[in-house]
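Subject: Structure handover

Hello,

Here is the structure, followed by notes on what was found in it.

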Amino acid sequence: MKTRGTWLASALAMAAMPFAISSAFAADAPSMTDAEKATAKKIYFERCAGCHGVLRKGATGKNLEPHWEKTLKDGSKLEGGTLKLGQNRLEKIIAYGTEGGMVNFDDILTKDEINLMARYIQNTPDVPPEFSMAEMKETWKVMVPVDKRPTKQMNKINLKNIFSVTLRDTGEVALIDGDTKEIVSIVKTGYAVHISRISASGRYVYVIGRDGRLSLIDLWMEKPAVVAEVKVAFDARSVDTSKFKGFEDKYAVAGGYWPPQYSIMDGATLEPLKIVSTRGMTVDGEYHPEPRVASIVASQTKPEWVINIKETGQIKLVDYSDLKNLKETTFESAKFLHDGGWDSTQRYFLVAANASNKVAVVDTVERKLAALVDTAKIPHPGRGANFVHPTYGPVWTTGHLGADVITLIGTDPEKHKDNAWKVVQEIKHVGAGNLFVKTHPKSKHLWADAPQNPEKALAESVAVYAIADLSKPPVMLNVAKDSGLPETKAIKRAVHPEYSADGTEVWISLWGGKTDQSAIVVYDDATLKVKKVITDPKMITPTGKFNLYNTQHDIY
């Protein structure tokens, strides 16, 4: 087993250096020094690339190329670009955000940095290098070989109620005991871990950083720690494991934003086994150079992953039963695919196509696209929320970045055929800017945040709806106030409701300015009262929280 080699420069380090392949800056763009460009590249990677793309062609966010041109259906041309907007307008957009879901960055960036970024995006983006199998293998490390790992759980942690919490700005994950609310371990990972996924056995946690670093955490160790790691890309978001019977814990799969590709690794060691490019044609018949892998989920009915390609609008069912003869089945859906989750039966996968204002429904048993459902502007479900509606039967729920509604889609084509794959109800939300909705099979509530809303009071609060009567206005919980933290100039954004394993508690992250103290506020789901505020000084900028039992079993 290879353990040699050192890490390639991380995406953050790369951002501070000229890329191997670069293009000339536009002649009429604002001038920049090499040092300014390096600083701007780093900020862009950390704050902008996820929504706007490495090449700035846009997806969830707008196209940020200096100049772009689009041919409309009637044959006419539409032109735009950052050069057309100009320096002053760009500075205002960056500072104050937009109603479409972009937050204000005057809480995050200095005036000089805002000025810098406005100049930077008026210049032609550099094209970063590729990343080969040989380069990936150079980054692969096994800290604890499989035969040196515990043969049983060596700690007393309740692994059925432990939370993996992203500490965004420190490049760490905090493992927090859901029973005691104490931090069990803080594990060094990649930058700004996007998601945590749990192996089929419940033993291993796979976390993927936005710098492409995939870390494998062994929960059986006396103090859970990383036992293997590999860099799968320069920019990444998604990971999952093989869950079908006979393949439990056998493979891991991770998706790259740049380069646009997905990689398959050994599940126990993260040894790289296969890389598959996702470049190709969009559903509109145009070639795209940066079709990023958005979300990945593992089927439990077949040895397959559902892999969603953002820019092309293509959904792939990838059969991992024979890696040498890998089989892909591709469905055309809509652009730009982002995140999604299973319906309550775990047969159908529903994924948001942000820019098309649609939700695609994949039938993993019949292996076909079951429906494309029209929704309000910019659906953003996280994994969504499943519950039984008192009138319409089983539904799956998404919120929206660009609309002040929560959308309910019927998911039962057998007993509620007339409601299946249709929007059966739109609930009036407190405002646009929702990122996550969440419920639990044992809960009577639907929780929805609004952290991207420009209004401070809304961004700092969550709305709680009574499932029995969704016509009632929600109960508003001001998470920032409930935290007891001192008020500061920056908005303390309440984000990502997450249930405990038994469905009795909901954990909310509170994320303020760079120097603000962070917190997780824990509510009693039945009474909506605060049970605990977690404010450990080691817990810096907590964002996504994943209850590992709920994540393992796709409960949401």
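Of the 556 residues of the protein chain, 60% are buried (under 20% relative accessible area, with a 1.4 Å probe and protein chains only). This is a predicted model, in which local features need pLDDT of at least 70 and side-chain atom pairs count only at pLDDT 80 or more, while totals for chains, interfaces and linings use all residues. Residues are numbered from 1 along each chain as its sequence is written, and side-chain values use heavy atoms, with hydrogens and water left out.

Overall form: the C-alpha trace spans about 60 × 60 × 50 Å along its principal axes. A compact globule of 556 residues would have a radius of gyration near 24 Å, and the 22 Å of the protein chain agrees with that (taken over C-alpha atoms; the rule is 2.2 Å times the number of residues to the power 0.38). The accessible surface is about 22,100 Å², and carbon and sulfur atoms hold 52% of it (Shrake-Rupley method, 1.4 Å probe).

Secondary structure: the chain has nine helices and 37 strands (DSSP runs, H or I of at least four residues for helices and E of at least two for strands, numbered from the N terminus).

Residues in contact (heavy atoms within 4.5 Å) include K37 and Y44 of α2 and L116 and Y120 of α5.

Regards

Notes:
Buried < 20%, exposed > 50% of the residue type's maximum accessible area, 1.4 Å probe, protein only.
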